[in-house]
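Dear colleague,

Please find the structure below, handed over for your own work.

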Amino acid sequence: MKQILNNLNKLAKDKHIENKKYFDKLKKKQPKNLDYVMQELHDKEFKKTDCLQCANCCKTTGPLFTLADIERISKSFRQKPQQFIEQYLQIDEDKDYVLKSVPCTFLDNENYCMIYDVRPKACREFPHTDRKKFQQITDLTLKNVAICPAAYNIVEEMKKRLPL
C-alpha cells in the first residue's frame with residue numbers, strides 16, 4: 001500500500017488532463033447506466049480495498065463538518081456543540097467548518113477512526129464514487145484520485161467500461 005501511495009500523486013498528475021477531458025465529455029454525453037456502473041465499480045473496488053491499510057484521506061485532508069455532524073459528534077463527547085467547535089474546528093475560506101489541523105485529530109496510530117460511529121457525513125461518503133448523479137461531482141473526483149488509491153482505480157476502470 002505504501003508503494004501505491006508514494007506513486008499516487010504522480011499517477012494522478014499524469015492522468016489529470018486525460019481524466020479532465022474524459023469528465024468533460026461525460027457531462028456532455030452522459031451514459032444512461034452511469035450510476036449503475038459507478039455503483040458496481042465502487043463495490044468491486046471496495047471488496048478488495050482495506051482503508052485501514054491506507055487512511056490517506058484522514059492523513060492528508062479534512063472533511064467538512066455540517067451542523068448535523070457537529071451536533072452528533074459533540075453529543076457523543078457529552079459536549080455542547082460550541083465547545084466541540086472551539087476545541088477542534090475552524091472556519092475555512094468557504095465559510096465551512098473544518099478541522100484545525102491534519103492529520104485528522106480522531107485518527108489513531110493504527111488508522112482507526114476514534115469517532116467512526118458518529119463520523120462526519122463527508123467521511124462516511126468518501127471517496128463519493130458511488131454517489132448518484134456522479135457526473136455532478138467530477139471536479140471532486142479529480143481531486144480524490146490523488147488522495148485515494150481506490151478512487152484512482154475506480155476512475156481507471158470507469159474509462160475502460162464507459163469509453164467516450
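**Backbone, helices and side-chain contacts**

Arginine 78 counts as exposed, at 78% relative accessibility; here buried means under 20% relative accessible area, exposed over 50% and partly exposed in between, with a 1.4 Å probe and protein chains only. Please note that this is a predicted model, in which local features need pLDDT of at least 70 and side-chain atom pairs count only at pLDDT 80 or more, while totals for chains, interfaces and linings use all residues. Residues are numbered from 1 along each chain as its sequence is written, and side-chain values use heavy atoms, with hydrogens and water left out.

Arginine 78 is found in the loop between α4 (67–76) and α5; helices (H or I, at least four residues) and strands (E, at least two) are DSSP runs, numbered from the N terminus. The phi of arginine 78 is near 55 degrees, a positive value in a residue other than glycine. Alanine 55, also not a glycine, has a positive phi of about 60 degrees. Alanine 55 is found in the loop between α2 and α3 (56–60) and counts as buried, at 5% relative accessibility.

Two cis peptide bonds should be kept in mind. One joins valine 102 and proline 103, with omega about 5 degrees; proline 103 lies in the loop between β3 (97–99) and α6 (121–125). Another joins phenylalanine 126 and proline 127, again with omega about 5 degrees, and proline 127 is found in the loop between α6 and α7 (138–144).

Helix α2 (residues 34–48) has 15 residues and reaches 22 Å from its first C-alpha to its last, close to the 21 Å expected at 1.5 Å a residue; the expected span is 1.5 Å times one less than the number of residues. Buried in α2 are Leu34, Val37, Met38, Leu41, His42 and Glu45. They cover an arc of only 130 degrees around the axis, which puts them on the same side of α2; the arc is that of the directions from the helix axis to the C-beta atoms. On the other side of α2, Tyr36, Lys44 and Lys47 are exposed.

Which residues do ring pairs link into a cluster? They are Phe65, Phe77, Phe84, Tyr88 and Phe106. A search of the whole structure finds 9 aromatic pairs: rings of Phe, Tyr and Trp (its six-membered ring) pair if their centres lie within 6.5 Å, and planes under 30 degrees apart count as stacked, over 60 as edge-to-face and the rest as tilted. Phenylalanine 65 and phenylalanine 84 form one that is tilted, at 6.1 Å centre to centre and 50 degrees between the planes. Phenylalanine 65 lies in strand β1 (residues 64–65) and phenylalanine 84 in helix α5 (residues 81–88), so the pair ties together parts that are 19 residues apart in sequence. Phenylalanine 65 is buried, with a relative accessible area of 5%, and phenylalanine 84 is buried at 0%.

Glutamine 83, found in helix α5, is partly exposed, with a relative accessible area of 40%. Glutamate 156 lies in helix α8 (residues 149–161) and is buried, with a relative accessible area of 15%. Leaving aside neighbours within four places in sequence, glutamate 156 is in contact (heavy atoms within 4.5 Å) with Lys15 and Asn19.

Yours sincerely
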